[in-house]
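Please look over the sequence and the fold shown below before reading on.

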Amino acid sequence: MKNLILGGPGQDAFLIGELLEKNNEDFIITSRRYDIPEYYNKFLKKTKEIDLTKAHDVDDLIKHGQPEYIYNFAGISNITDSFENPSNTITINTQIHTNILESIRKFCPESKVYFASSIEHLKGDSPYGLSKTLCMTINEYYRTKHNLFISTGINCQHNSKYRGESFFWGKVCSYVSKLNKFLNLHNDNIIINTTTIQSGKNTFNKLRLGNLNVARDILSAEDVVKSAHTMLSKGSSNDYIVSSGHLYSNKLILELAFKEIGISNWEHYCYIDKSLFRPKDDEGTIYYSDKLTKETGWAPEITVENLLKESINYVK
């Protein structure tokens, strides 16, 4: 095979698959399970179920597949969940990545590897971020000791219409779309209570949220996977920040999302639950992709506003 994509059924693995398909490039996607999202159906014949924490299974995959390019998006990626089970996040993410690099070392050392890291690695304030830091240390070992080509994307928060509701982006877009349908059906005598919206006998829950002052450098997942492809074709065995260069607070995302359905007083449809606050959070930092742009010419193309519109309209 030419391309091996690790990390199905996540959004990034799917999107790099779409990009490769558009380029008429051969690929296989690995998945940890077969209860995959509906949108993955188009790649079912290209999907291989595998447990990447098992070194023997990874060896079989790499040895027999002999991929030229390997995209590693695999692992646990929910930051909030990592606080609840830090050992699981750190162990699984580092184990998967070590299994992959060790297998490449043994069976196809000429392959080029892309590793999806996170800007959380630079902040170091979550178990998820720590797992990415450890993986990048492992990268450096395999680069210097075994001369493997490993290009790392230190990715800022990135989203798509496929982002699940366990993430803030997916939660907001899904809610706004469903609220719009509710209001279109039940728009008489709307009563807004503390945690619900009522129209006659019909009730709709308000959106439960955490810290709205949190801000992140946000970009499209499509732009991120394009950067991954660019790193392996034009970049070097190095680390690159992948960012939009713009900061968006949760409050601003809400404002823009509700604006898509004609609502300006979005605060009336939400309420704050402090149990959703993370143990540690910040108001955000803007990051820049100058190194990646200078070496490869990559730059983000999709605006957050257009991405919100697409994500809200996609919700069924």
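What follows is a reading of a predicted model.

Helix α4 covers residues 86-107, and its 22 residues reach 32 Å from the first C-alpha to the last, close to the 32 Å expected at 1.5 Å a residue. Several of its residues are buried, including T89, N93, I96, H97, L101 and I104. Helix α8, made of residues 221-234, gives a similar check: its 14 residues should span 20 Å at 1.5 Å a residue, and because its end C-alpha atoms are 19 Å apart, the two values agree. This helix is mostly covered, with 10 of its 14 residues buried, and among them are V224, V225, A228, M231 and L232.

**Nonpolar cores and a surface patch**

In soluble globular proteins, nonpolar side chains tend to be buried together. The largest nonpolar core here has 56 residues, and those with the most contacts inside it are I5, Y71, F73 and I104. A second, separate core of 29 residues includes L183, F204, A257 and C270. Returning to F73, this residue touches, apart from residues up to four places away in sequence, a set that includes I5, L6, I16, Y114, V225 and A228; of these, V225 and A228 are buried residues of α8.

Is V176 buried or exposed? V176, which lies in helix α7 (residues 168-185), has a relative accessible area of 0%, and because buried means under 20%, V176 counts as buried. Beyond residues up to four places away in sequence, V176 touches A257, F258, I261 and I312. V176 and E260 are 84 residues apart in sequence, yet their C-alpha atoms are 8.6 Å apart in space.

Some nonpolar residues lie at the surface instead: L247, I286 and Y288 form a nonpolar patch there, with about 270 Å² of accessible area together. I286 is in the loop between β15 (270-272) and α10 (290-296), and at 33% relative accessibility it counts as partly exposed.

**Backbone features in loops**

A cis peptide bond, with omega of about 5°, joins G8 and P9, and P9 is placed in the loop between β1 (3-8) and α1 (11-22). N24, in the loop between α1 and β2 (27-31), has a phi near 60°, a positive value in a residue other than glycine, and it is exposed at 74% relative accessibility. N147 also has a positive phi near 60°; it lies in the loop between α6 (127-146) and β6 (149-155) and is exposed, with a relative accessible area of 66%.

**Salt bridges**

Side chains of opposite charge can pair when their charged atoms come close. The structure holds 12 salt bridges, and the table gives some of them.

| Pair | N to O distance |
|---|---|
| E21 and K42 | 3.2 Å |
| D239 and R143 | 2.8 Å |
| D273 and R208 | 2.6 Å |

D273 lies in the loop between β15 and α10, while R208 is in strand β11 (residues 207-209), so this pair ties together parts that are 65 residues apart in sequence. R208 is partly exposed, at 33% relative accessibility. Salt bridges that share partners also join E18, E21 and K42 into one network. Of these residues, E21 is partly exposed, with a relative accessible area of 34%, and K42 is partly exposed at 46%. In the pair of D239 and R143, D239 is partly exposed, with a relative accessible area of 23%, whereas R143 is buried at 11%.

Key
Residues are numbered from 1 along each chain as its sequence is written. This is a predicted model: local features need pLDDT of at least 70, side-chain atom pairs count only at pLDDT 80 or more; totals for chains, interfaces and linings use all residues. Side-chain values use heavy atoms; hydrogens and water are left out. Helices (H or I, at least four residues) and strands (E, at least two) are DSSP runs, numbered from the N terminus. The expected span of a helix is 1.5 Å times one less than its number of residues. Buried means under 20% relative accessible area, exposed over 50%, partly exposed in between (1.4 Å probe, protein chains only). A nonpolar core is a set of buried Ala, Val, Leu, Ile, Met, Phe, Trp, Tyr and Cys residues joined through side-chain atoms within 4.5 Å. Contact means heavy atoms within 4.5 Å. Patches are made of residues with over 30% relative accessible area and no salt bridge: like charges are joined within 9 Å, nonpolar side chains (Val, Leu, Ile, Met, Phe, Trp, Tyr) within 5 Å. Accessible areas come from the Shrake-Rupley method with a 1.4 Å probe; for residues, only the protein chains shown count as cover. A salt bridge is a side-chain nitrogen of Lys or Arg within 4 Å of a carboxyl oxygen of Asp or Glu.
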